[in-house]
Amino acid sequence: ARYLCEPKAKDEMTDETVLAKARAASLWCQRATEHAGGKPWKYLLIPHDAVDESKTLAGLAATWEFHG
């Protein structure tokens, strides 16, 4: 897959503006996947404190993929 990753401050994760932008990014990923074919695009909205040197992209994707 191809990933569009957006880290956000933990306290902003439920902000309506952030969620509206996340829904738009998720829709963009869906349309990019349909248009280009091949590997799917996936949008990850990740709280800042979930990112550290022990995390893998696969682990973050499994936990933080946004379906909006």
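Of the contacts in this chain with a separation of 6 or more, 57% are between residues 24 or more positions apart, where contact means heavy atoms within 4.5 Å. The model under discussion is predicted: local features need pLDDT of at least 70, side-chain atom pairs count only at pLDDT 80 or more, and totals for chains, interfaces and linings use all residues. Residues are numbered from 1 along each chain as its sequence is written, and side-chain values use heavy atoms, with hydrogens and water left out.

Let me turn to the elements. The chain has 2 helices and 2 strands, and their order from the N terminus is β-α-β-α. Both kinds of element are DSSP runs numbered from the N terminus, with helices (H or I) of at least four residues and strands (E) of at least two.

I now come to the overall dimensions. Along the principal axes, the C-alpha atoms occupy a box of roughly 35 × 30 × 10 Å.

Next, the burial of residues. Among the 68 residues, 25% count as buried; buried means under 20% relative accessible area, exposed over 50%, and partly exposed in between, with a 1.4 Å probe and protein chains only. Ala58, which lies in helix H2 (residues 57–64), is exposed because its relative accessibility is 57%. Between Ala58 and Thr33 there are 25 residues of sequence separation and 19 Å in space, C-alpha to C-alpha.

The cysteines deserve a separate word. How many disulfides does a search of the whole structure find? The search finds 0, a disulfide being a pair of cysteine sulfur atoms within 2.5 Å. Cys5 is in no disulfide, and its nearest cysteine sulfur, that of Cys29, is 9.3 Å away.

Finally, the charges. The chain carries 9 positive and 10 negative charges, and their mean positions are 7 Å apart. Lys and Arg count as positive and Asp and Glu as negative, without His and the chain ends; each charge is placed at NZ of Lys, CZ of Arg, CG of Asp or CD of Glu.
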